[in-house]
Every structure is written in C-alpha cells, then in structure tokens.
Amino acid sequence: MTAFITGATGFLGREVVRSLFQADQDARLVALIRAKDEADLARRRERLVQDLPEHQRERLQALRGDIERPRLGLSEYEHAALVERVDRVLHVAATTNFDHSLEEARRINVGGTESSIKLCQAVRKRGASGRLDYVGTAYVAGDRTDLCMEEELSRGQGFRNTYEQSKFEAETLCRRAREELPVAIHRPSIIVGDSRTGQTTSYKTIYWPMKVLVRFYGMSRAFLPRLVRLPVNPACVLDIVPVNFVAESVTKLYLSPKSVGQCFHLAAGDRAATIGELVAMACDHFGVARLGFIDPEGPLRHVNRAAGPVLSRAAPRLYKNGALMAAYTRRNPRFDTTAAIAAGLSPPTVEEYFPKLLSFAYGTDFGRVGP
C-alpha cells in the first residue's frame, strides 16, 4: 500500500519514515513537503532520505504542498491524482508552538487534520482503505491533574495554551470521522531525543529550561545552588518519552489492523519521572550540588507578579518562554497506558536515557553547534 504522510521532514516525522521503512519492506510513501519551488522540493526530499539505505530512498516520493491551505495546497488536478495514488494517510504534521494565536494554531493543527480527513474520505470513496493514523498529543488533557484514560477526551478541562486547545479540536474531528473511516489515534506525551544516542534536532519543551539551568548555574558552581531555589513543584510529574520509542510505536500501530478504532497514550505513564527527579539527575550528571526548590504558589507568586512587568521589558523572550513553561511545572495530568501496553508498547525508563539527552544537548550547546 502507498501512504500519504504529512510532517515527514519534522523531528518526529523523519523518525517515523525511517522506522516504517525498516519495519515494512513494501511500504511506499508520498510525503507532503512545503517548498518554494520544485528545486527546493528536490533539495528537501534529498535531506529527508539522505540517511536511508539506497533501496529505501526510491520508495519515498515528494509532493509540494502546504497543510495550512485548502486541499493541502494542491490544485484540483493534483488532489484528484493524489486520491488515485494513495491508499491511506499518516498525519504527523502539526505546530507545537505554545505562543501562536488561536487562529494560527487552528489553521495548522485543525485545518491540516480536516484536509487529511477529507483526503481519506475521497480515497475510501474510490474503494481503497482510506485509513487515517493521526498523531495527536496526550496533552489534549489540558489542565487536568488526574489520571487520564486513553479513550477520554472531553472532561471539562481548560487549556494552558493554543497548542493544547487546537490539538483537542483536531482530535475531536478524528473521533467524529470514526463513523465512516478506519481511524487510529496516537497520543505521545512530551517527545525528547533518541534514547540510544540522546540525539535531537528539536530543542523545545524541556530543553529550554535545561539550557537556562546549565548556563545560569554554570557561571558559579560553588555558591549559586546554595543561594537560588527553583520556583517549581518538585513533585510535579513530567511525562517524557524518547522520539525513537514514539516513532517505533506509531509504526507498529500503523501496521496493525487491531489498532483501528482505538486511542493510544505513547507515554511513560506510571513510570514518568517528577521534576525533582529530573533536576537531581541533571545536577548529578554535571557534577553540581543538587538544587533546592521554592513553592511557586506560595509567597513567591507575589514577587513574580510585581517583577513581571520589569522582566517582560528587560528580557521579553526569556520572560515569555518562562511564563509558557511555568504552567507545566506546577501540576500535570497523568496518563493511563493500558491500551499501549496491551499492544506491546513500553518506553525505556527515564534513568536509562536522560544522561544521554543531557550529554548530547550540552555537546551541541543546545543546537548552536553540530554534534
């Protein structure tokens, strides 16, 4: 079968392509790639396949388009030809930025999902599978702080940013599409680097606060850890999973007919670490004294409120990133992984790979230099 894939050039999508080709020797992919012209498309395709074995490269074809535009940025003729060409859709593309306006986040995350569903419907209508494998996020749970089950979606939760809300709305569309299409929903938690090498091409999520800590405390290992306390809840659970685990899980579920109609948390679940445990591992790795913590919702909140206007003017980017990340350092949802475990999907423990993440990130100065 030939699958249409979005987001193939992204952090996760690239790993999904590699994993799928390794697992299925007959797999063929048509990748939607945003490019300014055909020459740019050829260059971007070459970068995508350059690390693949020669016999796999020819099995990926590139199509110039854009998930933000109607019909995926394709002409009517191109879209009709695509319907005849593919059997199913693997929708990985999304924006993970927390600071998009809701309109912009919806245009990418909801609009791209809607276009993917319409493509599946057209493929199904011509008699092919029309199956949709949708990669969402476990954080459609929003500001919930309890245990979230895999088949749950709407439980009256609020959302901490436009990313969470737009992905919630996109998954809602996928669940409605189950009435007429075979749909499997994959919900990773926070995706980090490769568990075997620590390698990453995306320095978002936990990498930003790690970078701040390394640079700040690296200025004086002797006395800063004793003077400064981190304004986070050390008992707050932070569910992270390595990118290779997520890609291999998506591949396994993609190849399984039994995953249709189900939703899977690709998460650490009850093996997730707390912020306190992650900070302790980082301190031990870099050989600095373990850091203390101060309640971010205690008297400190009054200081933060008073200092906010000053910090927002003096260091707007730092202040903005800090505010966006702070919501994940107080209380987070926990994720049930019953269906994922039943499918044979279980990530390595954080203790096994976290030092590798730190070594790789530090060695590249958090993406500023090559590995």
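Reply: Buried means under 20% relative accessible area, exposed over 50%, and partly exposed in between, with a 1.4 Å probe and protein chains only. Helices (H or I, at least four residues) and strands (E, at least two) are DSSP runs, numbered from the N terminus. This is a predicted model: local features need pLDDT of at least 70, side-chain atom pairs count only at pLDDT 80 or more, and totals for chains, interfaces and linings use all residues. Residues are numbered from 1 along each chain as its sequence is written, and side-chain values use heavy atoms, without hydrogens and water.

Me: Which residues of α2 are buried?

Reply: An α-helix has 3.6 residues a turn, so residues three or four places apart point the same way. In α2 (residues 38-49), the buried ones are Asp-40, Leu-41, Leu-48 and Val-49. Down the axis of α2 they fall within an arc of 160° (taken from the directions from the helix axis to the C-beta atoms), so they line one face of the helix.

Me: What covers the buried residues of α2?

Reply: Contact means heavy atoms within 4.5 Å. The cover includes α1, β2, α3 (54-57) and β3 (60-64).

Me: Which residues lie on each side of β1?

Reply: In a regular strand the side chains alternate between the two faces of the sheet. Thr-2, Phe-4 and Thr-6 are on one side of β1, Ala-3 and Ile-5 on the other, and all are buried. Strand β1 (residues 2-6) is therefore largely enclosed by the rest of the structure.

Me: How many bridges join β1 to β2?

Reply: Two strands pair if DSSP finds at least two bridges between them. Four bridges join β1 to β2 (residues 28-33), and the two run parallel. Thr-2 has Arg-28 as its bridge partner in β2.

Key:
The expected span of a helix is 1.5 Å times one less than its number of residues.
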